[in-house]
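Subject: Structure for you to look at

Hello,

I am handing over the structure below, followed by my notes on what was found in it. Please read the notes with the structure open.

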Amino acid sequence: MARAATNRRKTINTILAWSVGLLIFFPILWTILTSFKTEGDAIAYPPKFLFFDWTLENYSIVQERSNYMRYLWNSVIIAGGSTLLGIIIAVPAAWSMAFVPSKRTKDILMWMLSTKMLPAVGVLYPIYLMFIKLGLLDTRLGLVIVLMLINLPIIVWMLYTYFKEIPAEILEAARMDGASLKSELLYVLTPMAIPGIASTILLNIILAWNEAFWTLNLTAAKAGTLTAFIASYSSPEGLFYAKLSAASTMAIAPILILGWFSQKQLVRGLTFGAVK
Amino acid sequence: MGKITLQSVRKSFGDVHVIPGIDLEINDGEFVVFVGPSGCGKSTLLRLIAGLEDISAGSIAIDGLDATHLPPAKRGLAMVFQSYALYPHMSVRKNIAFPLKMAGMDPAEQERRVTHAANILNLTNYLERRPGQLSGGQRQRVAIGRAIVREPSAFLFDEPLSNLDAALRVSMRQEISELHQSLKTTMIYVTHDQVEAMTMADKIVVLNAGRIEQVGSPLTLYHQPDNVFVAGFIGSPKMNLITGPTAAAHGCHTLGIRPEHLDIRADGIWEGRVGLAEHLGSDTFLKVDAGALGTLTVRATGEVGLRHGDVVRLAPQEGRLHRFDQDGKAIRG
């Protein structure tokens, strides 16, 4: 009886999980499907799910009309660059906050997080004007800096919680075992911190990759990322759902693949500290 | 060699004086136990000796050399932590070899020492495992292995058995005692468990509120406690402490008698009614409500046929009474 009950519950849970999963994934799935339809099928009513004339036409048109590789390259540089720069700043910051906290550490962390509570559009004008003055408008460097700043509080917080989980006694043990500061860092701390740093890097790349507000507002032709590439297909002269979908699919594919291969790291990173 | 001398060692965290001033001499090869209730400063004292905390005033000498400001790595001491503090990303072999690697020892010699330590500690079959794949007792052995390979001048143990279950604790206790007998190295052991202190120590240091209450061999502390605190802390069940007219009649403020030194006899001078009776088989612990004397604990050997509500007469054994003055100090002679 009890076993039957748990089995039934398991089945129900599985069905529920799959339903929720599919519901969340559906927009992405629909986008991918639509990208293989003709413009006519894309707006057909009732919608055609799988039985339509599959075509690669949209992809070739998108490829012809705009330079996908340039946008991709911009995205890679901007997401990668802002992450790298952020990590270089955040690791020492989180490190000192976790291992040599002062009376104000908590306040500083809170203050950093509070910058995320302001809607981004609130600082658009000042930043836009600064960008004009500094000649950073529509440059990769400008976006690397802005996206790094936008995500910095999150990476510092994430790394801080990671480093906090490293027991101080292990570092003391290393000191007792005769490790110099250098060996302590090299043989004990870094190996224990690497999983945390890796998940932080991954999450930050995804956040930077998908960032649209700043990339749309601060770039034009030169430094546009894949989000700008997608946006260029929601044109005012008409709805081209299929082409827009093809562009979107091309834009999200790299990050989707990266996320797929590193999902274990990612899930661990996102639930770290919450689940012991 | 492992002679450690503390001279007026003080430690304050801000305005809180955790250790107001301690003088202590630990001789080479001694097994010294720091014991006291939680928050008494025993772990802090150990960490001061280890160098993991800076001392606020005073000096620490190891083998006659001033070590007050030496970093932990330079003191030649090894420590076993309460949480074991193993390196989770290294195999057991690498954990044990770590201090040797840090000392820049020749790999062949490292290997020889690790194998030797693994033999002593029954870890030979686990050398390739990670700490996460070991049981609590095995982890504790790895932590001890990591300490012994260095051949330190002294071992420091910070409540090493408190995370183990009762049965394992007893066997690890014996293993550590045997280790001490074979290595003959100075060991300083911190615990809040007076049974561990009594069974393992050559010398017990009883600490309370950052002060040393008494230093002595286990049986000295048991037979001649210097004050009420030590009297109450050492021995299980606790010594009965009686105040009031009965104490005054013996010319003291507090009269102490251990539960095992109270005989149940028809001609006993104190009368009481049995409250709780705990039957352990080998012993019986009786809580006797003795009116003005308060509740007295009596330890009777073997099985006694007394139950709740029975009236008993108690006689303290000759020469086993402890007398303490107003300040809790022992009155001798």
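The side chains of Glu109(B) and Arg112(B) form a salt bridge, with N and O 3.1 Å apart. This is a predicted model, and the values here are computed from it. Both residues sit in helix α3 (residues 107–120) of chain B, three residues apart, so about one helical turn separates them. Glu109(B) is partly exposed at 23% relative accessibility, and Arg112(B) is partly exposed too, at 48%. The pair belongs to a network of salt bridges that links Glu109(B), Arg112(B), Arg113(B) and Glu151(B).

Side chains of opposite charge can pair when their charged atoms come close. Over all chains, the count is 19 salt bridges. Another in chain B joins Lys3(B) to Glu25(B), the closest N and O atoms being 2.7 Å apart. Lys3(B) lies in the segment before β1 (4–13) and Glu25(B) in strand β2 (residues 16–26), so this pair ties together parts of chain B that are 22 residues apart in sequence. Lys3(B) has a relative accessibility of 28% and counts as partly exposed; Glu25(B), at 36%, is also partly exposed.

In chain A, Arg175(A) forms a salt bridge with Glu184(A), with 3.4 Å between the closest N and O atoms. Are these two residues buried or exposed? Arg175(A) is partly exposed, with a relative accessible area of 30%, whereas Glu184(A) counts as buried at 6%.

Next, the interface of chain A and chain B. The contact takes 15 residues from chain A and 24 residues from chain B. About 1600 Å² is buried between the two chains, and carbon and sulfur atoms give 64% of that area. On the chain A side, Glu169(A), Met176(A) and Asp177(A) lose the most area to chain B, together 44% of what that side buries.

Two salt bridges are found across this interface. One of them joins Glu172(A) to Arg47(B), the closest N and O atoms being 2.5 Å apart. In chain A, the elements that give two or more residues to the side touching chain B are α8 (168–176) and α9 (181–210). The largest share, seven residues, comes from α8(A). By type, the residues of that side divide into nine nonpolar, two polar and four charged.

On aromatic residues, the structure holds 16 aromatic pairs over all chains. Phe36(A) and Trp54(A) form a tilted pair, 5.6 Å centre to centre with 35° between the planes. Phe36(A) is in the loop between α1 (2–34) and α2 (39–42) of chain A, and Trp54(A) in the loop between α2 and α3 (57–65), so the pair ties together parts 18 residues apart in sequence. The ring centres of Trp157(A) and Tyr160(A) are 6.5 Å apart and their planes are at 75°, so that pair is edge-to-face. Both lie in helix α7 (residues 140–164) of chain A, three residues apart, about one turn of the helix. Trp157(A) is partly exposed at 28% relative accessible area, while Tyr160(A) is buried at 6%. In chain B, Phe31(B), Phe155(B), Phe157(B) and Tyr189(B) form one aromatic cluster.

Finally, chain B as a whole. Its secondary structure comes to nine helices and 18 strands, and 51% of its 333 residues are buried.

Regards

Definitions and conventions: Residues numbered from 1 in each chain as written. Chains lettered and ligands numbered in written order. Predicted model: local features only at pLDDT ≥ 70, side-chain atom pairs only at ≥ 80, totals over all residues. Heavy atoms only, no water. Contact = heavy atoms within 4.5 Å. Buried area = accessible area lost by both parts, 1.4 Å probe. Salt bridge = Lys/Arg side-chain N within 4 Å of Asp/Glu carboxyl O. Helix = DSSP H or I, 4+ residues; strand = E, 2+ residues; numbered from the N terminus. Nonpolar A, V, L, I, M, F, W, Y, C, P; charged D, E, K, R; others polar. Phe/Tyr/Trp six-rings, centres within 6.5 Å; stacked < 30°, edge-to-face > 60°. Buried < 20%, exposed > 50% of the residue type's maximum accessible area, 1.4 Å probe, protein only.
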